[in-house]
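Subject: Structure for your review

Dear colleague,

Please find below the structure that I am handing over to you. I would be grateful if you could read the notes after it with the model open.

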Amino acid sequence: MVTGDAAYIKKINRSLIIREIVKEGMISRADLSKSTNLTRATISAQVADLLEEGLIIETHLEHYTVGRKPIMLSLNGNAGYALGIDLDYGELSFTISDLLGCPISSNSVKINTTDYKDILQLLIEQIKKFKAEFNDSRYGIVGIVIAIHGLVSKEEIIHYVPRLKWHEKNLKSDLEREIGIPIHLENNANLSSFAERVFVHHETDNLLCATLYSGIGLGMMMNNDFFRGHEGYAGEIGHMIVVPGGKQCNCGNKGCWERYASESIIFQHLSELRQIENLTYEQIQEWLNEGDEEVLDVMEQFIFYLSIGLNNMINMYNPDVIVLDSKLLRIYPNSLKKISDNLNSSISHYRELRISSIGRKSSILGACALAIKQFLDVPMLNLPFLLKTVPDESVII
Ligand SMILES: [Zn+2]
């Protein structure tokens, strides 16, 4: 008979073993025993259960030349799926990944409404479709995480989404009632920072990720957790004032950082200068290639204001890794060097400044990764970043 205590210890040991396998990616039973301090017999019994459940798999290392080929254990990516959703203005995007965070299928639905009930209905229909389509694995869809472009409270209530003009919506509960799978909501910038930590920067437990598209959002991963502030709204760094009495912002203040250093502002500025609607990155790239002085000036101003905000941010947090998610910075030559040359205060300290290699997909991949982390119940994930081309269908409704 398994007593309450024995069952509890078994559960703790199981969690310890899963954590170690996830952390190492691939590990032998002998090394598991060493790193967890559990006996070989305990490891053996628990691993047998996990293999039986299909959650882990064995791999024989063929290239081993000396002695017995060790049998390695790793997470079974095919045991289930995670569904990440990006609820953006004008578009709902969906990505299904395996349990190693590798995207398998993506689609997006253009929407021309901001009405809560209409969008809720669309989400229910789409999620039900995915649920029916991806039920062929042991665990099916193990979790759903939705990226929200606005303020989400610690209780996962949507407090405010500026572009959709939503206030106090309990999307989590409205969806769970219909779907029957746990749904989690998280701020999109938080999910981008999570993706950077899980897929790229495995070595740090202190990472800031600033997304610079329609505004400036800041996601913060500290000690392997989100830094959320008192109610969950921390990271609204785009509204830090960098120009006293400057440009009017929607938030009611003047001179906010995102009025000077977000991509939408640069696009707006260049569109007005050149009288071009629907300006593209390709067009900007072309101007940069030609050495267009006026465009170069605009980009230098972007770098200048971006550096002012970053300087303030660094002084506030003393981060280890800072990731900037911006396509304009990727296409502008030497942008990182130009920014770091501006960050020369003897007071501000950081270790590494990088431009995101994941890019705009980071929040949805972060959503998949968070669903996996919650399913496995591990403190952190280290997953390989597999850049695979996923068919991305766009459906217009
Ligand atoms: Zn503002």
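This is a predicted model: local features need pLDDT of at least 70, side-chain atom pairs count only at pLDDT 80 or more; totals for chains, interfaces and linings use all residues.

Zinc site

The zinc ion is held by four residues: His-239 through ND1, and Cys-249, Cys-251 and Cys-256 each through SG, at 2.0 to 2.4 Å. Along the sequence these donor residues follow the spacing H-x9-C-x1-C-x4-C. Both His-239 and Cys-251 sit in the loop between strand S14 (225–226) and helix H7 (258–261), so this pair ties together parts that are 12 residues apart in sequence.

What is the arrangement of the four donor atoms around the zinc ion? The angles they subtend run from 102 to 123°, and the arrangement is therefore tetrahedral. The assignment requires all angles to lie between 85 and 135 degrees. For comparison, the ideal angle for four tetrahedral donors is 109.5 degrees.

His-239 has a relative accessible area of 26% and is partly exposed. Cys-251, at 40%, likewise counts as partly exposed, because that class covers values between 20% and 50%.

Helices H2 and H3

Helix H2 (residues 29–36) packs against helix H3 (residues 40–52) at an angle of about 120°, and their axes are 10 Å apart. The two helices are therefore oblique to each other, and H2 passes H3 in a right-handed crossing. On the H2 side, the residues that meet H3 are Arg-29, Ala-30, Leu-32, Ser-33 and Thr-36. Their partners in H3 are Arg-40, Ile-43, Val-47 and Leu-51.

The loop between H2 and H3 contains Asn-37. Phi of Asn-37 is near 60°, which is a positive value in a residue other than glycine. Asn-37 counts as exposed, with 70% relative accessibility.

Helices H10 and H12

The second pair consists of helix H10 (residues 293–317) and helix H12 (residues 335–342), which pack at an angle of about 50° with their axes 9 Å apart. That angle makes H10 oblique to H12, and the crossing of H10 and H12 is right-handed. From H10, the residues that meet H12 are Glu-300, Ile-303, Phe-304, Leu-306, Ser-307 and Leu-310. H12 contributes Ser-335, Lys-338, Ile-339 and Asn-342 to these contacts.

Asn-334 is located in the loop between helix H11 (327–331) and H12. Phi of Asn-334 is near 60°, a positive value in a residue other than glycine. At 56% relative accessibility, Asn-334 counts as exposed.

Val-321 in strand S15

Is Val-321 buried or exposed? Val-321 has a relative accessible area of 0% and is buried. This valine belongs to strand S15, which spans residues 321–325. Leaving aside residues up to four places away in sequence, Val-321 touches His-201, Glu-203, Thr-204, Asn-206, Leu-207, Leu-208, Arg-351 and Glu-352. One of these, Asn-206, is 115 residues from Val-321 in sequence, yet the C-alpha atoms of Val-321 and Asn-206 are 6.5 Å apart in space.

With kind regards

Methods
Residues are numbered from 1 along each chain as its sequence is written. Side-chain values use heavy atoms; hydrogens and water are left out. Donors are N, O and S atoms within 2.8 Å of the metal (3.2 Å for Na, K and Ca); water is not among the atoms, so sites may look incomplete. Four donors count as tetrahedral if all angles lie between 85 and 135 degrees; four count as square planar and six as octahedral if opposite donors are over 155 degrees apart and all others between 65 and 115; anything else is irregular. Helices (H or I, at least four residues) and strands (E, at least two) are DSSP runs, numbered from the N terminus. Buried means under 20% relative accessible area, exposed over 50%, partly exposed in between (1.4 Å probe, protein chains only). Axes are lines fitted to C-alpha atoms, for helices over the stretch in contact, and angles run from 0 to 180 degrees between N-to-C directions. Angles under 35 degrees count as roughly parallel, over 145 as roughly antiparallel, 65 to 115 as roughly perpendicular and the rest as oblique. A crossing is left-handed if the near helix is turned anticlockwise from the far one by less than a right angle, and right-handed if clockwise. Contact means heavy atoms within 4.5 Å.
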